[in-house]
Amino acid sequence: MELLKIIKKVSEKIIENKDYLTELDREIGDGDHGVNLARGFEKVEKELPTMETLKPFEILNKMAMLLVSNVGGASGALYGTALMKGAAYLKTKEEMTPEVIVETWSEMIKGIEMRGKAVLGEKTMLDTQIPAYEAFKIKADAGANVKECFEFAELKAKSGMESTKDIAATKGRASYLGERSIGHLDPGAVSSYLIIKTINDELKG
Ligand code: ADP
Ligand code: MG
């Protein structure tokens with residue numbers, strides 16, 4: 001199934017970038033973001049064969065559970081909450097149309113905002129996700145297909161991720177550094193970008 005293949009690729013990408021993400025977190029956090037996420041995604045990868053017959057919402061719930069219980073750190077709870085909120089919305093939906101993805105993603109972002117009590121511009125994963133989501137929605141509202149929507153989302157995810165370099169963190173561990181966090185990319189903004197980029201690469205084929 002397409003969704004499982006995408007999740008497999010995402011897991012591989014995160015595991016591949018374990019050291020890079022950890023290095024970014026060493027600069028402005030506690031140096032565990034890559035290690036945390038890789039631990040979670042290794043479990044996800046291992047469990048994929050057991051998900052073959054599950055519905056998309058069940059897959060997201062399972063993934064949420066695996067990430068929450070294996071990632072640890074803020075990012076495990078944040079990505080886990082996002083997936084759970086997305087799954088709750090997807091439960092009653094039959095097809096992954098652009099509109100359904102817009103609503104699912106919107107719920108996921110609300111989950112991160114609620115859990116992290118953060119907004120755009122605080123140097124977190126939201127700085128990648130919100131512009132990407134908004135780009136996706138613009139295309140979806142204009143009648144584009146999923147592939148076209150993700151292509152634009154990836155572009156805005158990238159500039160969103162890059163924008164974290166120039167701002168000071170006001171949420172999460174990096175906020176302890178205040179102004180000294182300027183000049184460094186936010187690790188969670190980078191992991192979110194890697195996830196969106198991998199989905200886009202997969203859809204492009
Ligand atoms: P921890 O900070 O507990 O060590 P990680 O290193 O795994 O957790 O993840 C850090 C990332 O989590 C940050 O780079 C940031 O993107 C994200 N993050 C941390 N706190 C928040 C928050 N309150 N809201 C949104 N994202 C956050
Ligand atoms: Mg950390």
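Me: What is the reach of helix α9 from its first C-alpha to its last, and what is it set against?
Reply: In this predicted model, α9 covers residues 187-204, which is 18 residues. Its reach is 26 Å, close to the 26 Å expected at 1.5 Å a residue.

Me: What makes α9 count as mostly covered?
Reply: A residue is called buried when its relative accessible area is under 20%. In α9, 14 of the 18 residues are buried, so the helix is described as mostly covered.

Me: How do you know that D186 caps the N-terminal end of α9?
Reply: A side-chain oxygen of D186 lies 3.2 Å from the backbone nitrogen of G188. The cut-off for a polar contact is 3.5 Å, and the pair is therefore counted as one. After α9 comes G205, with a positive phi near 80°.

Me: Why is α3 called oblique to α4?
Reply: Helix α3 (residues 33-47) and helix α4 (residues 56-70) pack at an angle of about 140°, and their axes are 8 Å apart. Roughly antiparallel would require an angle over 145 degrees, and roughly perpendicular ends at 115, so α3 is oblique to α4. Their crossing is right-handed.

Me: Which residues of α3 and α4 meet?
Reply: From α3 the residues are N36, R39, G40, F41, K43, V44 and E47; in α4 they meet K62, M63, L66, L67 and N70.

Me: Which residues of α5 are buried, and what covers them?
Reply: Helix α5 spans residues 73-90. Its buried residues are S75, G76, L78, Y79, G80, T81, A82, L83, G86, A87 and L90. The cover over these residues includes α3, α4, α6 (98-116), α7 (126-141) and α9.

Note on methods. Residues numbered from 1 in each chain as written. Chains lettered and ligands numbered in written order. Predicted model: local features only at pLDDT ≥ 70, side-chain atom pairs only at ≥ 80, totals over all residues. Heavy atoms only, no water. Helix = DSSP H or I, 4+ residues; strand = E, 2+ residues; numbered from the N terminus. Expected span 1.5 Å × (residues − 1). Buried < 20%, exposed > 50% of the residue type's maximum accessible area, 1.4 Å probe, protein only. Polar contact = N/O pair within 3.5 Å; in protein donor to acceptor, adjacent residues only side chain to side chain. Axes fitted to C-alpha atoms, helices over the stretch in contact; angles between N-to-C directions. Parallel < 35°, antiparallel > 145°, perpendicular 65-115°, else oblique. Left-handed = near helix turned anticlockwise from the far one by under 90°. Contact = heavy atoms within 4.5 Å.
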